[in-house]
Amino acid sequence: MKDLKKIKSALISVYYKDKLDEIVKKLDALNVTIYSTGGTKTFIEELGIGVTAVEELTSYPSILGGRVKTLHPKVFGGILNRRDNIGDQLQIAKYEIPEIDLVIVDLYPFEETVASGASEEDIIEKIDIGGISLIRAAAKNYNDVVIISSRDQYQKLSDLLTEKNGETSLADRKEFARMAFATSSHYDSAIFNYFNQGPGSEARISVNDGQVLRYGENPHQSATFFKLNNTTTPITLANAQVLQGKALSYNNLLDADAAWKSASDAYHSVKHLPDKVAVSVVKHLNPCGLAVANSILESLELAWAGDPVSAYGGIVCFTAPVTGDIATWFDKKFVEIIIAPEFTPEALEILGRKKNLRLLVTPVKPEVTGEKLYRSISGGLLIQDEDEGLETEFKNVTKIQFDNNKMNLSKFGIVACKHLKSNAIALVTENADGSFWLTGAGMGQPNRLDSLRQLTIPRFNLKEGVSIADSVLISDAFFPFRDSVEAANEFGIKYIVEPGGSIRDEEVIAACDEFGIAMVFTGMRHFKH
């Protein structure tokens, strides 16, 4: 083939040397001249293979503590010269610059160093200069040069050396160049995002290794799942370990994330239970059940009782290990996914009988993650902070004072409500043993009166022996009119928590006073679109 080119020389300078020996041995067998520096040169010499030091090529030593090693015209001229350009060839002959046909280089582990919690000095030293320059130069000149920019590409190069006896086609070189620019752009994005900690008008998002899903929200939509470095913690739903079950779908991933976040936030919101366990049951991104109790079984039963009809086919998340007893509880129930920090061997054996059931292992989400949320619109991208404002201040605004004994329940209720799609209304109840649960939920309605009348109250009324007068009603945003208070009074509600901020707040407060309802303002809205 006309575009086939023989690899005659190679520059190798890498941070990770695992599995490099196989490639070096193949290059040596093909009589390829090898240039290298530092630890990589020593590694190659220890294999008993001849190697020329870059310092010998450039007549300059490695300087500035290793910051400058390969940044030299004799290196970059050897990479960037165009083999079919007469001017380039005359110049490299004049300055005695050897051609370099293959560049194998990886980059300092910048992201890993940041994730380790290293000092800023150590992080800055892991910003690669020479490596990134070599990658870009070799990729730019893909017409003549092969660039290997990551150890993940070693096997592909090794196979190529064997199959083509040291030759590469233009298509081969262009594909390696594509991967090289993916490597360099991702690396630069990581560095930018390290420096870009505050609000700004610039954003860089880089994702790799996408997993093609069976389909998107519907079978006619294609979809791909990417892991994204958008939090300050490695504890994310995307990093959960999948123990069993069929492949996760687009909708499964969204619902699993909602279940994990709502269970974790509920867990953090409750301070008075020493052995607390939170359980969330999610369907179509909404918690249809949420509870925190002192035992995992009680919490599960309360969460399931929140809306047992909707719980069918849902996603269940625990903040404590799932045991055999809990696994047995699911024998005659159908759920898509169970999430927990751990599954005991007995639980795995029992749940393993349901071959399609997915089991995910991940720790409880930290209370604050610094997560950035990304959402697209037609022709645009929206970025916002995660709604992690759990420090709530309660302001009594009615003649009847809000019962201080209801404050902890109210904090739990705010968490439950903030995870419901707006317009959202939640009813939460405390049992005699101090457990909290979501006893009524209305969500996704164009007005909150419908959420209250048509969804929250009917769901609450299915529960026997639960007092609505002792429960607390939470609204994710202010009441624009007094009609919601009138409806609440009609059903016997005595405690309301809402943000306040309406131009008709005084009318709403007056309605509460008229009906003997205690209400507090939080000053914090929790819309969820």
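Predicted model: local features only at pLDDT ≥ 70, side-chain atom pairs only at ≥ 80, totals over all residues.
**Exercise 1. Helix 18 and helix 19**

Work out how helix 18 and helix 19 are oriented relative to each other, and find which residues meet.

*Solution.* 

Step 1. Two packed helices are described by the angle between their axes and the distance between the axes.

Step 2. Locate the pair: helix 18 covers residues 483-490 and helix 19 covers residues 505-515. Their axes come within 9 Å and cross at roughly 20°.

Step 3. Angles under 35 degrees count as roughly parallel, so helix 18 and helix 19 are roughly parallel to each other.

Step 4. Now look at the side facing the partner. Helix 18 brings Val485, Glu486 and Asn489, which meet Val508, Ala511, Cys512 and Phe515 of helix 19. Sorting the residues of this contact of helix 18 with helix 19 gives five nonpolar, one polar and one charged.

**Exercise 2. Two partners of helix 10**

Describe how helix 8 and helix 9 each pack against helix 10.

*Solution.* 

Step 1. Start with helix 8. Its axis and that of helix 10 (residues 170-195) lie 9 Å apart, at an angle of about 150°.

Step 2. Angles over 145 degrees count as roughly antiparallel, and therefore helix 8 and helix 10 are roughly antiparallel to each other. Helix 8 passes helix 10 in a left-handed crossing.

Step 3. List the contact: helix 8 supplies Ile132, Ile135, Arg136, Ala139 and Lys140, while helix 10 supplies Ala177, Ala180, Phe181, Thr183, Ser184 and Tyr187. In the contact of helix 8 with helix 10, seven residues are nonpolar, two polar and two charged.

Step 4. Turn to helix 9 (residues 154-164). Here the angle with helix 10 is about 175°, and the axes are 13 Å apart. This angle makes helix 9 roughly antiparallel to helix 10.

Step 5. In this contact, Lys156, Leu157, Leu160 and Lys164 come from helix 9, and Asp172, Glu175, Phe176 and Met179 come from helix 10. The classes for the contact of helix 9 with helix 10 are four nonpolar, no polar and four charged residues.

**Exercise 3. The cavities**

How many cavities of 30 Å³ or more does a search of the whole structure find, and which residues line the largest cavity?

*Solution.* 

Step 1. Rolling a probe the size of a water molecule over the atoms shows where empty space is left.

Step 2. The search finds two cavities of 30 Å³ or more.

Step 3. The largest cavity holds about 60 Å³ of space. Its lining consists of Ile414, Cys417, Lys418, Ile474, Ser475, Asp476, Val497, Glu498, Pro499, Thr522, Met524 and His526. Helix 16 (407-418), strand 21 (472-475) and strand 22 (495-498) each give two or more residues to this lining, and the largest share, three residues, comes from helix 16. By class, the lining of the largest cavity has six nonpolar, three polar and three charged residues.

Step 4. The second largest cavity has a volume of about 50 Å³. Residues lining the second largest cavity include Pro287, Cys288, Asp307 and Arg459. Strand 20 gives the most to the lining of the second largest cavity, with four residues. Five nonpolar, three polar and two charged residues make up the lining of the second largest cavity.

**Exercise 4. The second largest pocket**

Find the residues that lie nearest the centre of the second largest pocket, then describe its lining.

*Solution.* 

Step 1. The volume of the second largest pocket is about 460 Å³.

Step 2. Of its 29 lining residues, Gly66, Lys69, Tyr108, Asp128 and Gly130 lie nearest the centre of the second largest pocket. Helix 2 (38-46), helix 7 (120-125) and helix 8 (130-140) are the elements that give two or more residues to this lining.

Step 3. Sorted by class, the lining of the second largest pocket has 12 nonpolar, 10 polar and seven charged residues.

Note on methods. Residues numbered from 1 in each chain as written. Heavy atoms only, no water. Axes fitted to C-alpha atoms, helices over the stretch in contact; angles between N-to-C directions. Parallel < 35°, antiparallel > 145°, perpendicular 65-115°, else oblique. Contact = heavy atoms within 4.5 Å. Nonpolar A, V, L, I, M, F, W, Y, C, P; charged D, E, K, R; others polar. 1 Å grid on protein atoms, 1.4 Å probe; cavity = no way out; pocket = protein on both sides within 12 Å on 5 of 7 lines; lining within 4 Å. Points joined across faces, edges and corners; volume = space filled by probe spheres on them. Left-handed = near helix turned anticlockwise from the far one by under 90°.
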